[in-house]
Amino acid sequence: MKKAISYLAAFLISIVHLIPFYILINLALKTRQDTNSIWIPPDYLYIENFTNVWTQSHLGLALLNDLIITVCTVALVIFVGVFAAYPLARFPTRWNNAIYTLSVATLIVPALTVLVPLYKLVVDLRGISTYWAMVLVLTTFFLPTVIFLYTGFIRTIPRELDEAALIDGCNRYETFFRIIFPLLKPVTASVIIIIMLGVWNDYRFSLFLLQKRSVQTAPLVLSQFFSQFQNDLPLAAAGSLLSLIPMALLYLFLQKYFVSGLAEGAVKG
Amino acid sequence: MDILRSFKNNIGKVRGNQLKKFFDSPGSLNLMYIPALFMFSVFVYYPLAQGVKFSFTNWNGYSPDYSLVGLENYRYMFTDTRSYKVILNTLIYGLGSTLFQNALGLAYAMLLNTNLKGRVIVRTIVYFPVIVAPLIMGYVFYFIFQYDGGALNDILLVLGKEPIDWLGNGPRAVWLITLVNTFQYMGVSMLIYLAGLQAIPKEYLEAAEIDGASGFYKFLHITLPLLMPAITVSIVLNIIEGLKLFDVIISLTNGGPGYASHSLSTMMSDLFFAGQNAGFAAALGNLMFAIISFFGITSLSFLRRREIDL
Amino acid sequence: MSRKLYTLLGLVLILSFALTACGAPATQATPAATEAPASTEAPAATEAPAGEPITISVMANRIGTQAELLEQLAREFEQENPGIKVEFSAPGSDYEKLMKIKMAANDLPDVFATHGWAKIRYGEFLLDLRDQPWATQLDAAIKPAVTDDSGKVYVLPIDQEKTGPAFNADILEQYGVEVPLTWTDFMAACETIKTGSEGQVDCVHMGGADSWPVGQYYDFFSTALAISPTPNDEQALLDGTYDWSKYTVLSENLLDLKTHGYLNEDALTAKYTDAAAALAEGKAAFGFYGPFICEEALKTNPDFNCGIMPIPALLEGDEPTFAGGELTTWGIWKDSQHIDAAIKFVNFFARPENVKAVAESNKAPAGLSGVKVDAGYLTKYYDQYADLRTFTYFDRIYLPNGMWDVLCKNGQDVLAGGATPEQATENIAKEYTRLRAGE
């Protein structure tokens, strides 16, 4: 009996959570003149919405830009973050704790407060519409999350390992590279996914830092698309779907790493 | 690493023990976070200091001239009735979302922590909205809440009822936005709790059952305490993100109708760009920073204290 | 094994930096792209030494077909001027945000659109264009909006607004309603339409979710309230001595529309595009918009019969009016690195055939005299009301910079019941004083 209820609950939950996407897909396949309810699937498949979005908004280029920026940011933020997390996790001196708090506090800083001076800074550095400025800024703002997750995880690695390495004659840096670094793989997988999502979907920084169309990323392109084609809902829906696909694929393939990594980092944190 | 060693050995001939001692000491490791520190200073704290400065001016957001007005913006902030509405909304978004997300996330996790067939599929489905950009999520739900041709109103029409302008009523819009936010991110809470539940050794629960404990007792006295680390992470992250909520509000109501569904962050943006009141916007930003810090830190320390080490 | 993984990661990192260090996205340009391949920051020279192409950045606030037309003309300009490349961008609703940030950082585009704020907001950033060949041909109606007493010409006005509410001519005919020329007539017309259609047709459709349609209503009728009648409050507004209690009637009228059931149910959550669709499908009769909504509506229903009327008079004995002002304009940043190229670009758009093309895409009069614009289906309305006065949009002259949003938001509040008309006026007056003091 209990099993039946569980199955029913699971089924209902799935249906409820799938509804928005059902509607999205429905809309994306309709023509804009179709005035039937959005619940009813069309009895034709208006694929042109997808092709139109692709060519008109140069979505391909946007996705490529997204890819470049995301890969660079993820690589950079993990390196800098792991380097920072190790001393902060292992040696909680007062100074280090202050730095840790500072870094987590960055999560709370409202982006708008720093936006104008930051923009000015990037302009002075001649970084507008360049990949490197975008990568640096995004890295900085995702560092707190990375540091938070890695420090949590490193704390779960027994200190005995460090000490054993030291006794064996490694200095501190060697200890880090040889012993700790290899152990960080599980949480690295989920860190990659979390950061990737955040960077890929970033809108507010991209809006101001990526002004040339040739470097714009998908969310930016789509939002312009939305404001331009407000009354062509199917077209906008198709655009939304297309932009979802890369992340969806990634998620579907990597989801098992997600759960395990999250477990290690979050639970024991 | 061999390079490092040989470098050290050679240097050692000059500086000898001193350098070796340095590399052996914990302090040397602090060099490792210097890049991070550098990036924070340049891209976050330097702009932040300037941003704070703006809260003491009457800058309109774009012209090169402005003048200092001292605490005027803060005074205005505390006397304007709209500020309180916005703060209340922000709290609803932050605390309300957190409450729903965690309650539902935990419930889902407990459901999926069994041997249910197809639980991986359900897990995947529930988590899926997380990867959707919040902006897009807002648009999707806009299709649902739309007055003319929206999904909900279509159902109402079929049932013979009058359509409702869902987002046209301020307080209702605020709760709807909270729901959308919950919907999108409860997968995260669910996963965190799932991981946490899986970390609880079965022996504890079995022992309790042998002792005759009821399901509810087990939950309260074993599961919940051991879940504390997970609860801490989930709640603290949710609170911070909920209080900062922005994209979903913009794409659903743009803060409207009027100012009714603005949060501190959307109000800031509106004041800065549309209201041309950058000074006041900056003051609101500092208030937001203070509120989020307050809730973040208190919840963190409150929950941390209740954690039990495995 | 882990060593290899890290060397790989390191290589990826180095590689990606090498890629980004070039900062040249030109290598990824897809064949379908119509954008100019972007060069990195241009050197400080204003004119290119032989062979070196200059890139000028151009930003427009228009969207849709208008933006496409502007871009197409920009490409034609490029073909005529092989040494100049145009980086064209039309960010849509984020245009003003971007421009404000850019002004704050002193990083403006070489050429940009000023959407009504050439003098008041962008004035100090604009290059004086009085020596350009077209500067003597400015149409008399638009001239005051783009020049000042010292003779400085701020922008090239390609076309100008001549706007009043739009309506569905078929609906009016169906219910036997004449175009109302006063507010009292307007309310009566609404009553006729409401009873005649048994509530099926909304008299006025307002897409309040976007907030600017609400502001449009206030803009229209502020002129009718305070500027067009004689005597009027023009001087009081310019002095800052205006009695704001007079303004409450506008909010009251708006609320009246709602309480009498003349306004669409979802006025607060509908968008501009919904209004266009409603007009096109015969679900609404009037919309406080302008000729641009006709084009939008035609996309949904090509048989739509769109009409333009002047703004009804509010006070006794007054005549209806049109709202005018800048529509499509180009201004040049005075600190641009490529002033000569920018000037060439702007002058290209001043050519009569280009002016005509842009103006016709908006169904609006040209900004330069001597250009005949075919207003198509709106010609008969322009002819019918040719003698009526046109006043520049109220908020661009009589309200300090930044009041537009205040009007929009307070109007929304009134409709939502969050503020009474008196409270709305109070808020508006408060913001007026604050913004005026800051100017």
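Biologist: What area is buried between chain A and chain B, and what percentage of it do carbon and sulfur atoms give?
Modeller: Buried area is the accessible area (1.4 Å probe) that two parts lose on being put together, summed over both. In this predicted model, local features need pLDDT of at least 70 and side-chain atom pairs count only at pLDDT 80 or more, while totals for chains, interfaces and linings use all residues; side-chain values use heavy atoms, with hydrogens and water left out. Residues are numbered from 1 along each chain as its sequence is written, and chains are lettered from A and ligands numbered from 1 in the order in which they are written. For chain A and chain B the buried area is about 8,200 Å², with carbon and sulfur atoms giving 78%.

Biologist: Which residues of chain A lose the most area to chain B?
Modeller: Contact means heavy atoms within 4.5 Å, and this interface takes 86 residues from chain A and 84 residues from chain B. Three residues head the chain A side, and together they make up 9% of what that side buries. They are His17(A), Ile108(A) and Tyr173(A).

Biologist: How many salt bridges does the rule find across the interface of chain A and chain B?
Modeller: The rule asks for a side-chain nitrogen of Lys or Arg within 4 Å of a carboxyl oxygen of Asp or Glu. Across the interface of chain A and chain B, the number of salt bridges found is 0.

Biologist: How many salt bridges does the rule find across the interface of chain B and chain C?
Modeller: Here the contact takes 26 residues from chain B and 27 residues from chain C. The buried area is about 2,500 Å², and carbon and sulfur atoms give 48% of that. A salt bridge joins the side chains of Lys409(C) and Asp270(B), at 2.6 Å from N to O. For the interface of chain B and chain C, the rule's count of salt bridges is 2.

Biologist: Which element gives the largest share of the lining of the second largest pocket?
Modeller: On a 1 Å grid over the protein atoms alone, a pocket is an open set of points with protein on both sides within 12 Å along at least five of seven lines, a cavity is a set where a 1.4 Å probe fits but cannot get out, and lining residues have an atom within 4 Å of a point. The second largest pocket is lined by 49 residues, and those nearest its centre are Tyr76(B), Arg82(B), Asn277(B), Glu431(C) and Arg434(C). Helices (H or I, at least four residues) and strands (E, at least two) are DSSP runs, numbered from the N terminus. The largest share of this lining, 9 residues, comes from α17(C).

Biologist: What is the volume of the largest cavity?
Modeller: Grid points are joined across faces, edges and corners, and a volume is the space filled by probe spheres set on the points. The structure holds 12 cavities of 30 Å³ or more. For the largest cavity, the volume is about 1,400 Å³.

Biologist: Which residues lie closest to the centre of the largest cavity?
Modeller: Its lining has 32 nonpolar, 11 polar and 5 charged residues, where Ala, Val, Leu, Ile, Met, Phe, Trp, Tyr, Cys and Pro count as nonpolar, Asp, Glu, Lys and Arg as charged, and the others, Gly among them, as polar. Of the 48 lining residues, the closest to the centre are Phe142(A), Gly198(A), Tyr185(B), Glu241(B) and Lys244(B).

Biologist: What area is buried between domain 1 of chain A and domain 2 of chain A?
Modeller: Chain A is divided into domain 1 (1-46) and domain 2 (54-267), with bounds from an automatic or database domain assignment. Their centres, taken over C-alpha atoms, are separated by 32 Å. In the contact, 8 residues of domain 1 of chain A meet 9 residues of domain 2 of chain A. The area buried between these two domains is about 690 Å².

Biologist: Which peptide bond in chain C is cis?
Modeller: Most residues other than glycine have a negative phi, and most peptide bonds are trans. Pro231(C) is found in the loop between α7 (212-227) and α8 (234-239) of chain C. With omega near 0 degrees, the cis bond runs from Thr230(C) to Pro231(C).
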